[in-house]
Amino acid sequence: MSSSAVSPARPAPLAAPLGSRRHGAGFWLIAFAFLTAMAFSTVPTPLYPLYMARDGFSTFMVTVVFAVYALGVVISLVLAGHVSDWVGRRRVLVPALLLELVAAVLFVVSTDLTVLLLARLVTGLGVGMITATATAHLAELHAAHRPTASAQRFETVSTAANIGGLGLGPLVAGFLAQWVDAPLRTPYLVFVVLLLLAVAAVLKAPETVTRPEIAPTYRPQRVSADHGDPAGYVTAAAAAFVGFSVFGLFTSVAPGFVAGTLHHPSRALAGLIVFVVFGAAAAAQVLTARLTARAKLNVGLLFEVTGLVATVAGTRTENLALFVVGGVLAGIGAGVLFKAAIGTVVAMAAPARRGEALAGLFLIGYLGLIGPVLGMGLGVRNWPTATVLTWFAAILVLLLAGVAVLDRRAARRA
């Protein structure tokens, strides 16, 4: 889960229209690879109830598995998310996709919990390398292919590949698990093939970074709130935290809740629910592209609160339709909130420190995946899932109120 905003890179100069056509084809090759990688990262989502039934582990362990993935993303983001600026986009994307391929093979060969944890960690490490790098590569390929055009095509495609991919993975996995044999292996076998094709696509696409003669001294990404407007940065980080928490809910605990409490065990249905939540987020990001960052924040807050209330109502009444409507509204809110957070940080950060600023934002966002979801997993060990989801939503609403207050204060100082 990332964004189209990245630190500036050094695009390679173009010498002829032929190069422009190559970059146009490369744009779609990288979009395919990006979509495939992000879709693979959420393949296990509708399968968690099957793992639970097969190996007997609890909802809490599902949240641990999910948190291990998010931890891998954070580690990779801090250590390797920025190195493509000088080693080249393809030199990062290919190893990252190979990590995803290793994870897919691990899923195929074993359903053991230890292997599952390892595979999710490896998946996270690959995703952390891919998100910012693939987004930067798309931006540069778009500029090389259409140097006088607006960035709207790039923003739309990168959003669809990123957030849309996160929703596509559960949809594909859910339908395969519902109607094919070996539901805990077949979806991963399909993605082994797709990931191999993604590696080939990246190798075929043009490089867009000219490697410097003297490579910069390596250091991990620094994280700081000192980016022109510290209060505005904190507001953006809080918005990202809440948005990612909602995404975490629907990619970890929600499928098991739908199968158990709501009595709808269909794997296809579980995948479809996650797909519509992320699809709504991606569509909302595209449709609100022309709004200011503050307007996006307000829209995101409104939809997020409304969606959480509807989700809780669906949970308490065991009404699947209301639960899904709440998820769609909350997904819209989360997508727009994160888009607003990215726009705010990009606008305030100096170009030389933009990567650092975004690294901090992504780190806070992924902590929103880890902390609340783990807390919810602990909660369901002692209380009914509906009660825990209600408290989870209440805490997020309070955090959203805090975001609104921080935003108003930042606006007064501006």
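At 24% relative accessibility, Thr390 counts as partly exposed; the class lies between buried, under 20% relative accessible area, and exposed, over 50% (1.4 Å probe, protein chains only). The model is predicted, and local features need pLDDT of at least 70, side-chain atom pairs count only at pLDDT 80 or more, and totals for chains, interfaces and linings use all residues. Residues are numbered from 1 along each chain as its sequence is written, and side-chain values use heavy atoms, with hydrogens and water left out.

Thr390 belongs to helix H15 (residues 385-413). Helices are DSSP runs (H or I, at least four residues), numbered from the N terminus. Along the chain, Thr390 and Val309 are 81 residues apart. Their C-alpha atoms are separated by 8.9 Å.

Helix H5 (residues 90-109) packs against helix H6 (residues 113-145). The angle is about 155 degrees, and the axes are 8 Å apart. Such axes are lines fitted to C-alpha atoms, for helices over the stretch in contact, and angles run from 0 to 180 degrees between N-to-C directions. H5 is therefore roughly antiparallel to H6. H5 passes H6 in a left-handed crossing. In a left-handed crossing, the near helix is turned anticlockwise from the far one by less than a right angle; clockwise is right-handed. The contact of H5 with H6 has 20 nonpolar, four polar and three charged residues. Ala, Val, Leu, Ile, Met, Phe, Trp, Tyr, Cys and Pro count as nonpolar, Asp, Glu, Lys and Arg as charged, and the others, Gly among them, as polar.

H5 also packs with helix H8 (residues 186-204). Here the angle is about 170 degrees, and the axes are 9 Å apart. That makes H5 roughly antiparallel to H8. The crossing of H5 and H8 is again left-handed. H5 itself has 20 residues. From first C-alpha to last, H5 reaches 28 Å, close to the 28 Å expected at 1.5 Å a residue. The expected span is 1.5 Å times one less than the number of residues. Buried residues of H5 include Val92, Leu93, Ala96, Leu97, Glu100 and Leu101. An α-helix has 3.6 residues a turn, so residues three or four places apart point the same way.

Helix H12 (residues 293-317) has 25 residues and should span 36 Å at 1.5 Å a residue. Its end C-alpha atoms are 36 Å apart, which agrees. Among the buried residues of H12 are Lys296, Leu297, Gly300, Leu301 and Glu304. Just after H12 comes Glu318, with a positive phi of about 55 degrees. Glu318 is not a glycine. Most residues other than glycine have a negative phi. Glu318 sits in the loop between H12 and helix H13 (320-348) and is partly exposed, at 46% relative accessibility.

Ala182 also has a positive phi, near 50 degrees. Ala182 lies in the loop between helix H7 (152-179) and H8. Its relative accessible area is 42%, so Ala182 is partly exposed.

Gly24 is in helix H1 and is buried, with a relative accessible area of 5%. Gly24 and Ala143 are 119 residues apart in sequence and 9.4 Å apart in space, C-alpha to C-alpha. Thr42 lies in the loop between helix H1 (17-41) and helix H2 (48-55). Thr42 is buried, with a relative accessible area of 5%. A polar atom of the Thr42 side chain lies 2.8 Å from the backbone oxygen of Leu166.

Terms used
Helices (H or I, at least four residues) and strands (E, at least two) are DSSP runs, numbered from the N terminus. Angles under 35 degrees count as roughly parallel, over 145 as roughly antiparallel, 65 to 115 as roughly perpendicular and the rest as oblique. A polar contact is a pair of N or O atoms within 3.5 Å; within protein, one must be able to donate a hydrogen and the other to accept it, and residues adjacent in sequence count only if both atoms are side-chain atoms.
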